[in-house]
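Subject: The structure for you to look at

Hello,

Here is the structure I promised to pass on. Please open it beside this email and follow along as you read.

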Amino acid sequence: MNSLFGLSHNGTLMFWTLLTIVFLVIMISKYKWSPFVALLISALFLGLLTGMQPADVISSITGGLGGTLGTIAIVIGLGTMLGKMMAESGGAEQIATTLVDRFGEKRVHWAMMIVGFIVGIPVFFEVGIILLIPIVFTVARKTKMSLLRIGIPIMAGLSTVHGLVPPHPAPMIAIEAYNADLGKTILYSFLVGIPAAILAGPVFGKFIGKRIQTKPPEGLAEQFSVKVERGLPGFGITLFTILLPVILMLIGSAADIIDPQSTSFVSVICKFIGHEIIALLIASVFSFFSLGFARGFNKHDLSRFTSECLAPIATIILIIGAGGAFKQVLINSGVGNAIAEIASGANINVILFAWLVSALIRVATGSATVAMTTAAGIVAPVLAMTPEANVELVVLATGAGSIVLSHVNDAGFWMVKEFFNMTVAQTLKSWTVLETILSLTGLVLALVLNVIL
């Protein structure tokens with residue numbers, strides 16, 4: 001690809017990327033195009049503008065869409081079924097009522113952050129959102145609070161754990177690459193993660209909840225609204241049902257840490273049931289009994305519930321898939337590598353360097369895991385030449401960078417936008433700011449701990 005306006009190759013890549021993102025936001029915000037169509041067209045334009053072969057652009061789009069939905073589509077489908085059972089049985093109502101009673105209406109958003117933090121430990125962000133969205137809708141309805149005031153703290157808890165707290169896969173990648181101590185990293189991750197989650201969750205949620213008023217999408221609100229005419233299920237069995245996938249994934253993570261080579265039969269089984277798809281499948285089937293048959297529903301009721309709940313999520317799945325296609329074109333066109341090279345040229349503190357590399361790749365590719373993986377490969381050689389560095393804090397800085405500035409190339413951005421029924425502008429003002437607060441707070445606290453330690 002020839003340089004543009006005298007820019008370097010990397011500069012030209014950045015110019016076309018920025019232009020494409022501006023085009024995407026305008027098409028969706030101003031001209032009200034379907035995000036699915038706009039994302040696909042933007043991915044196509046970006047690939048051609050950055051010099052990719054037409055056939056490679058098409059394979060990147062199809063590969064990115066398929067790769068993103070390979071797991072996510074199943075997760076969303078099963079998670080929605082679990083959410084539907086929570087709603088129909090009154091389970092979401094029971095959890096919401098209990099939380100409001102225990103914490104009081106004025107402090108319920110703090111309870112939401114704690115729930116997000118706990119549920120998020122073994123699960124991916126997308127899985128956690130699917131599991132908890134019925135509770136967000138129900139608590140918001142019961143307390144008559146802004147949907148974002150309830151939802152932002154849950155998302156802050158989930159996102160903090162996703163980027164910072166082992167044994168989540170993203171931090172584990174950096175721990176292995178940097179040869180960091182797992183125990184120390186977990187300790188530091190709580191010291192950094194909890195204050196970050198508080199600031200980005202309950203504190204920011206209270207601020208933004210007053211300024212952006214949204215209602216749940218009608219289709220999903222209908223699916224997740226309480227319809228139970230009998231008594232509510234017990235709090236214990238309801239909590240166990242929603243935490244079952246979390247427990248199974250935690251078992252899988254523990255088995256992976258204890259026996260990474262899968263040398264025993266027990267380890268193989270634990271890792272199998274701990275995979276998010278299997279864990280959600282088991283939990284969904286379990287919910288048919290614990291919240292279905294046990295509540296007096298029959299097989300026809302369950303069949304109707306599972307069929308009804310899938311239709312409203314079709315649009316969400318397609319938009320998330322298109323976001324994955326756009327992300328893949330960004331990676332395959334070389335934009336991710338260009339960002340990494342620009343960052344590598346800077347001569348700065350290794351903690352700040354790790355954050356910067358990870359943040360730039362995250363902004364370019366839209367994936368926290370890709371940012372973490374790529375940044376770990378770039379930072380590891382630099383870290384090897386800096387023996388005095390606190391390796392565990394470099395892990396956290398890399399993780400903090402990987403969650404910054406979520407925008408239109410991130411599947412999570414579109415998931416949050418659709419579930420909370422926001423415009424692109426509202427999602428940028430709420431979700432994107434939340435992620436950036438988390439990231440910057442994580443960086444600052446890592447630098448402060450580095451001075452102390």
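Let me start with one term: a residue counts as buried when its relative accessible area is under 20%, as exposed when that area is over 50%, and as partly exposed in between. Serine 159 has a relative accessible area of 2%, so this serine is buried. You can find serine 159 in helix α7, which covers residues 147–164. Leaving out neighbours within four places in sequence, its contacts are Phe125, Ile403, Trp431, Glu435 and Leu438. Please keep in mind throughout that this is a predicted model.

Now for the whole chain. It has 21 helices and 0 strands. The radius of gyration is 22 Å, which agrees with the value near 22 Å that a compact globule of 453 residues would have. Along the principal axes, the C-alpha atoms fill a box of roughly 70 × 50 × 50 Å. Buried residues make up 57% of the 453 residues. If you take the contacts with a separation of 6 or more, 79% of them are between residues 24 or more positions apart. The chain exposes about 17,900 Å², and 66% of this area comes from carbon and sulfur atoms.

Next, the charges. There are 25 positive and 22 negative side chains, and the centres of these two sets lie 13 Å apart. The structure holds 8 salt bridges.

Which residues are linked in a network of salt bridges? They are Lys84, Glu88, Asp301, Arg304 and Glu308.

- Lysine 84 pairs with glutamate 88, with 3.0 Å between the closest N and O atoms. Both sit in helix α3 (residues 54–89), and because they are 4 residues apart, about one helical turn separates them. Lysine 84 and glutamate 88 are both buried.
- Lysine 84 also forms a salt bridge with glutamate 308, where the closest N and O atoms are 3.2 Å apart. This pair joins distant parts of the chain: lysine 84 is in helix α3 and glutamate 308 in helix α14 (residues 299–308), 224 residues apart.
- Glutamate 308 meets arginine 304 in a salt bridge as well, at 3.4 Å from N to O. These two are 4 residues apart within helix α14, so about one helical turn lies between them.

Glutamate 308, at 30%, is partly exposed, and so is arginine 304, at 39%.

Finally, have a look at two loop residues. Serine 262 has a phi near 55°, a positive value in a residue other than glycine. This serine lies in the loop between α11 (235–258) and α12 (265–274), and with a relative accessible area of 29% it is partly exposed. Asparagine 421 also has a phi near 55°, again positive in a residue other than glycine. Its loop runs between α20 (411–419) and α21 (424–452), and its relative accessible area of 42% makes asparagine 421 partly exposed.

Happy exploring, and write back with any questions.

Best wishes

Terms used
Residues are numbered from 1 along each chain as its sequence is written. This is a predicted model: local features need pLDDT of at least 70, side-chain atom pairs count only at pLDDT 80 or more; totals for chains, interfaces and linings use all residues. Side-chain values use heavy atoms; hydrogens and water are left out. The radius of gyration is taken over C-alpha atoms; the globule rule is 2.2 Å times the number of residues to the power 0.38. Buried means under 20% relative accessible area, exposed over 50%, partly exposed in between (1.4 Å probe, protein chains only). Contact means heavy atoms within 4.5 Å. Accessible areas come from the Shrake-Rupley method with a 1.4 Å probe; for residues, only the protein chains shown count as cover. Lys and Arg count as positive and Asp and Glu as negative; His and the chain ends are not counted. The place of a charge is taken as NZ of Lys, CZ of Arg, CG of Asp or CD of Glu. A salt bridge is a side-chain nitrogen of Lys or Arg within 4 Å of a carboxyl oxygen of Asp or Glu.
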